Amino acid sequence: MEALQTPRVSLGAEQDPAAMDSDKRKRQPRNSACQACASLKMKCVPDIMVPGKCERCNRMGRECTPSIPKARKRRSLGEEQSISTPREVPAVRENVSMQGVSQPPGDRGHKSGERHAHPTFTHTGGQSCQHLLTQGMGLDDAFGSLLDGIDYNYVQNCFGVYRQLSVHFPFYCLRPDATAASMIADRPLTAAALCTVSSSARPDIQSRLAQAFQRSIAEKAIIHGERSSDILQGLMVFVAWHHSYMANQQIHQMLYLLAGMASDLGLYRHPYRHDALDLAAVMSQDRAFLGCYYLCSSLSVMAFDRPSPLRWTDNLRRCAESLTMSGSFPQDALMVGIVELVRAVDDLQDTLREDGTLARPMHQAYVDMQSKATTHRLKALKRAYPDLASTLGYAAANIHFHHKLLRASDTPDTATLIQVAVAIKEYVDDLLGRPPIILYQVAIVDWTNLLEILILMARVSRPLPNAGGWEAGALSSMLQPEAILDALCAHMAAAPKNDPLAPRSEAQLRWFRGVCGSIKQRVLQERNSGTDPQRNGSSAYDASLGMNGQSVQGRFRPVNEAYASELPLPQHSTQQAPGLFESFNLFGGGLLDPDFWKNFAAG
């Protein structure tokens, strides 16, 4: 008797629907959401209008970083028993992680007292994250309490916040595979600096982290004289957002420390042959060297009006070109343009810097020559790098250029003042058109540029008494300081409060409101004091050209009027009276010093 045979099921249309659904689930990619949506545990919907971004990241105006798929490996029973579980950290330290931030996808499945297992980072002897970070920073037990509340989950969340901040400071970028355990083991000071700048939602922890970092820098760099890329990059990141968490500014001292450390590490030289083989290390050093020059030159010029401690070298151009060609981050495409823009501002500062030993002011013809050269230089950068023109740094550089012209001349020129007013208006409109959270995320250079522009706006917004027609009220109608300051404060206060990847700092908002109040008070004092007499006089350059600044050539000269060569030369005293824009000569602490704003409001 033949055995019954089971009929075969064809793979055509008669397939089981449950099996088809199972195949569809297998074909769906895992971890398809971006990092921002994954951390919020929200659905990630791709934006149809903007390729490469999701709807949430496009609406919030931040970078959309896709998450990295992680391989799922089932552990055997022997592997689970071989991993030793360290002793539990008290619940107080584990529960002080950032509020509103969910546990990262890689940390799911861990209980409250467990730590991550890293192949190059072992937890032997009950060492916790706080203890290992304290050892890496070189702190003793007396200062170890400053790191209370720092665990691996908190550090990993801070890394997610910093990835949003690095868009405004592309000189240190975290790699996608960077973890809290590897950073604490290899670069403890850099990890501490990243946590400090990313903890604006927790000002208590941020203040303690800043104290611990300063103590570590004093021990390692100043007392023991250590020099390493970890110290250099950590200090660079710490200074880049120094304005958002430090009350007593020590920026200028740190700039000289950065310049000296970069020189001791030999970053200004071309890398040797054996160093060039490690491409990742060379690119990291190039990025750090460019960041040191960016901070030293920009802050020295904008915030302190002093010479830069780090001068231009030919290796800076080579480093920027290397990052532009080989860099993997989107900001690397503009690295050459950013560095050349800073170089142009630095060169302008050197050429128009006033020398106190001279008994006479700078000649106007020399100022005109330097202004034309800088104008052509900025236009050439705009043509070579079109994306650079849309940045806040390029607009601020143009305004600073006109600011230097106003300070170098005896009396303000009407055309220059109108150009400054137009540039300030465009800058403010561009800033108000961006997401409100950007005022909390910008680095210290852009923040200092904003303060300088607001001060300049308060000085050039008054009407010109010696101008006629439409020019008389052009500045006052174009720039209204009170309305602009109120709009900026309202825009800054409109930032979301509970965004874990883009936290806002209430202390920074209060400080900015105080700055706007000081500027309003200064504007009101100058408005009540009447017309500035210095605006009524004519400069020596105009007097040498003839009446009302007109050239002698090309017009009829009255009989009783002398030639320009027959006019007596103006006599200059050894002590020049303060000019109209001499109030911009900054005090010792710079624009970020609270004493500067007290003196500015007092007049």
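**Exercise 1. Is Cys296 buried or exposed?**

Solution. Before starting, note that this is a predicted model, where local features need pLDDT of at least 70, side-chain atom pairs count only at pLDDT 80 or more, and totals for chains, interfaces and linings use all residues. Residues are numbered from 1 along each chain as its sequence is written, and side-chain values use heavy atoms, with hydrogens and water left out.

- Step 1: Locate Cys296 in helix H15, residues 279-304. Helices here are DSSP runs of H or I with at least four residues, strands are runs of E with at least two, and both are numbered from the N terminus.
- Step 2: Cys296 has a relative accessible area of 0%, so Cys296 is buried. The cut-offs are under 20% for buried, over 50% for exposed and partly exposed in between, with a 1.4 Å probe and protein chains only.
- Step 3: Look for its partners. Not counting residues up to four places away in sequence, Cys296 touches Leu255, Ala259, Ser308, Pro309 and Leu310, where contact means heavy atoms within 4.5 Å.
- Step 4: Pro307 lies 11 residues from Cys296 along the chain, and their C-alpha atoms are separated by 9.2 Å.

**Exercise 2. Work out which residues of helix H13 are buried, and what covers them**.

Solution. Start with the geometry.

- Step 1: H13 covers residues 251-264, and its 14 residues should span 20 Å at 1.5 Å a residue; the end C-alpha atoms are 20 Å apart, so the two values agree. The expected span is 1.5 Å times one less than the number of residues.
- Step 2: The buried residues are Ile251, His252, Met254, Leu255, Leu257, Leu258, Ala259, Met261 and Ala262.
- Step 3: Their cover includes H11, helix H12 (229-240), H15 and helix H22 (444-460).
- Step 4: After H13 comes Gly266, with a positive phi near 75°.

**Exercise 3. Describe how H8 packs against H10**.

Solution. Two packed helices are described by the angle between their axes and the distance between the axes.

- Step 1: H8 (residues 152-165) and H10 (residues 188-197) meet at about 70°, with axes 8 Å apart. Axes are lines fitted to C-alpha atoms, for helices over the stretch in contact, and angles run from 0 to 180 degrees between N-to-C directions.
- Step 2: H8 is therefore roughly perpendicular to H10. This class takes 65 to 115 degrees; under 35 is roughly parallel, over 145 roughly antiparallel and the rest oblique.
- Step 3: H8 contributes Val155, Cys158, Phe159, Tyr162 and Leu165 to the contact, while H10 contributes Leu194, Cys195 and Val197.
- Step 4: Sorted by class, the contact has 8 nonpolar, no polar and no charged residues. Ala, Val, Leu, Ile, Met, Phe, Trp, Tyr, Cys and Pro count as nonpolar, Asp, Glu, Lys and Arg as charged, and the others, Gly among them, as polar.
- Step 5: Check the cover of H8: 13 of its 14 residues are buried.

**Exercise 4. Classify Met42 and Glu219 by their relative accessible areas**.

Solution. Take the two residues in turn.

- Step 1: Met42 sits in the loop between helix H2 (35-40) and helix H3 (55-60).
- Step 2: With 44%, Met42 is partly exposed. Beyond its neighbours within four places in sequence, Met42 is in contact with Cys37 and Arg56.
- Step 3: Glu219 belongs to helix H11, residues 203-223. At 18%, Glu219 is buried.
- Step 4: Met137 is 82 residues from Glu219 along the chain, yet their C-alpha atoms are separated by 9.0 Å.
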